[in-house]
Amino acid sequence: MRFIGSKVKLLKNIDMVISKNTIGNENVFCDIFSGTGAVARYFKPRYEIHSNDTLHFSYVIQKATIENNNKPSFIRLKHIGIDDPFKFLEETQILNYNDNNYFIAKNYTPHDNCERMYISNKNAIRIDFIRTTIEMWKKEKLLTELEYYYLLAGLIEGVTSISNITGTYGAYLKHWDNRTFKDLEMT
């Protein structure tokens, strides 16, 4: 995930500092200001993880990747004929598009009097469809709590690979980056 403050490139250095300053029988790792959760995920195989951050997206990712220890089974969705929710959300034809109900398409794409270029119109509509469908499934009790967060995290992670930004949604690029023309894939 492109994220200002990501520690992905520092993981081996962090591990080396921890190894030099611990005795080896520690059980808990605390990832303070966890952000994308890269540090927590790196140390998860060796420790019980405690993580925090004030950003809600971080909470969603931690629920999906730190608290969740197995790929969700999505049993209730399978009962209604959805074997692969990622594929369903990525490929279902969107028939009832209404930009009044679609927040991302309405606020983060160029149209009418809006010049914002965060996400292409096509991907923004897909993001809104996915987000509203996940909420509908939750409301209809078709998802467990961890399945819900797993799908949300998949959407969050996927959006970063098609966004027209450098690493923060504080500003968009003035010209469309090539990645914005790809179709959204949840990861």
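**Close-up views of a predicted model**

Leaving aside neighbours within four places in sequence, Ser34 is in contact (heavy atoms within 4.5 Å) with Ala40, Ser51, Asn52, Asp53, Ser58 and Gln62. The model is predicted, so local features need pLDDT of at least 70 and side-chain atom pairs count only at pLDDT 80 or more, while totals for chains, interfaces and linings use all residues. Residues are numbered from 1 along each chain as its sequence is written, and side-chain values use heavy atoms, with hydrogens and water left out.

View 1. Ser34 is found in the loop between strand 1 (28-31) and helix 2. Helices (H or I, at least four residues) and strands (E, at least two) are DSSP runs, numbered from the N terminus. At 4% relative accessibility, Ser34 is buried; buried means under 20% relative accessible area, exposed over 50%, and partly exposed in between (1.4 Å probe, protein chains only). The side chains of Ser34 and Asp31 are joined by a polar contact of 2.8 Å. A polar contact is a pair of N or O atoms within 3.5 Å; within protein, one must be able to donate a hydrogen and the other to accept it, and residues adjacent in sequence count only if both atoms are side-chain atoms.

**View 2. Salt bridge between Arg46 and Asp15.** A salt bridge is a side-chain nitrogen of Lys or Arg within 4 Å of a carboxyl oxygen of Asp or Glu, and by this rule the count is six. In this one, N and O are 2.7 Å apart. Arg46 lies in the loop between helix 2 (38-43) and strand 2 (48-51) and Asp15 in helix 1 (residues 11-20), so the pair ties together parts that are 31 residues apart in sequence. Arg46 is partly exposed, at 44%, whereas Asp15 is buried, at 12%.

**View 3. Salt bridge between Asp183 and Lys122.** The closest N and O atoms of this pair are 2.4 Å apart. Asp183 is in the segment after helix 8 (145-160) and Lys122 is in helix 7 (residues 121-139), 61 residues apart, and the pair links these distant parts of the chain. Both partners are partly exposed: Asp183 has a relative accessible area of 49%, and Lys122 has 48%.

**View 4. Helix 3 and the second largest pocket.** The buried residues of helix 3 (residues 56-67) are Phe57, Ser58, Val60, Ile61, Gln62, Lys63, Ala64 and Ile66. They pack against helix 2, strand 2 and helix 8. Helix 3 also gives the largest share of the lining of the second largest pocket, six residues. The volume of this pocket is about 160 Å³. On a 1 Å grid over the protein atoms alone, a pocket is an open set of points where a 1.4 Å probe fits, with protein on both sides within 12 Å along at least five of seven lines; lining residues have an atom within 4 Å of a point. Grid points are joined across faces, edges and corners, and a volume is the space filled by probe spheres set on the points.

**View 5. Nonpolar cores.** A nonpolar core is a set of buried Ala, Val, Leu, Ile, Met, Phe, Trp, Tyr and Cys residues joined through side-chain atoms within 4.5 Å. Of the 33 residues in the largest core, Leu89, Ile130, Ile134, Trp137, Leu143 and Leu151 touch the most other members. A second, separate core of nine residues includes Phe29, Ala40, Phe43 and Tyr47.
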